[in-house]
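Open the model in your viewer and show it as a cartoon. The stops below go from the whole chain to single residues.

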Amino acid sequence: MAFTPKVVVPVPLPASTRWFICRENEVLLKKDAVGVEQLPSGPSFDAVEPQMVGELDGVPCVSVRFPDQEPTPDGFEFIGLRALWARLDEQLFAIAGRANQLAHFASTHRFCGRCGAAMKPDGVERAFRCGACGLVNYPRIAPAIITLVRKGDTALLANSGRFPIPFFSTLAGFSEVGESLEETLVREVFEETGVHAGNVRYFGSQPWPFPNSLMIAFTAQWERGDIVVDGKEIKEARFFRADELPRIPPKLSIARRLIDAWVREVTGQDAPGP
Ligand SMILES: [Zn+2]
């Protein structure tokens, strides 16, 4: 199926419209349905103000923010974005991520930050515009680096201690104002592990809609320094050999793609595990 991003909501919306109804990193799905059929369709959600996400094989996909206090409609359930991966295919998951970001954007830009008047969708650009002073706000995307730092035949992985089942992953962190991505990487690796990294090479990127990040992945090389962790943001960090890997992130993430690419280069095989 082909997805084309679009900005303008068709009037009227056809009955085939797929509704991505979002509530704080959750999306509303029909119970007892499979695939795309899990997404609400039809005119019953027409009362709310949708934002256009795009067209999937010509069918409009729209995003709306579900009111926080309202009960979940009968026959539906809210599913967390991370769990959606198992319920929708990769393409629908990506559209749900876009829809969630747009719903978050709408809910945090209802009023102008300059004059306080109401903001409205621009109608042409993917933006909200102030009806009184004309201020335009675009959806905020927060860039974050993620990196696999290599040292000889080992790679630096860290356990943040944030998850109930501990696992080790690549290092990551948000870009600060005025920083290049390379500078972010060097700073974050040093802050989190005490290690100086260099030879930064672009690897790939992945939207991370929880709710509005863009992960930009790099490989890097250890240059100097022993591992020292602060015990707060990072609980433990180590250089691991490919044949002694701890529990690592699931395949959904670009962190895992970084690890798999390294393991494949070193051993000729993918890392074990889902
Ligand atoms: Zn204004």
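**Whole chain.** Select everything. This is a predicted model. The chain has 274 residues, of which 32% count as buried, and contains 4 helices and 15 strands. Along the principal axes, its C-alpha atoms fill a box of roughly 60 × 45 × 35 Å. Among contacts with a separation of 6 or more, 62% join residues 24 or more positions apart.

**Strand S2.** Select residues 18–22, which form S2; 5 of its 5 residues are buried. Which residue of S5 stands opposite arginine 18? Cysteine 61 does.

**Largest nonpolar core.** This core has 33 residues, and those touching the most other members are Ile146, Val149, Leu156, Leu185, Ala197 and Leu258. Colour the elements that each supply at least two of its residues: strands S10 (142–151), S11 (154–159), S12 (171–174), S13 (196–208) and S14 (213–224), with helices H3 (181–193) and H4 (254–267). Then centre on alanine 197. Beyond its neighbours within four places in sequence, alanine 197 is in contact with Val149, Leu185, Val186, Val189, Ala220, Gln221, Trp222 and Glu223.

Finally, select Met52, Leu88, Leu92 and Ala96, which are among the 24 residues of another core, lying apart from the largest one.

Definitions and conventions
Residues numbered from 1 in each chain as written. Predicted model: local features only at pLDDT ≥ 70, side-chain atom pairs only at ≥ 80, totals over all residues. Buried ≥ 20, exposed ≤ 12 C-beta atoms within 10 Å, placed from the backbone. Pairing = 2+ DSSP bridges. Core = buried A, V, L, I, M, F, W, Y, C linked by C-beta atoms within 7 Å. Contact = placed C-beta atoms within 7 Å.
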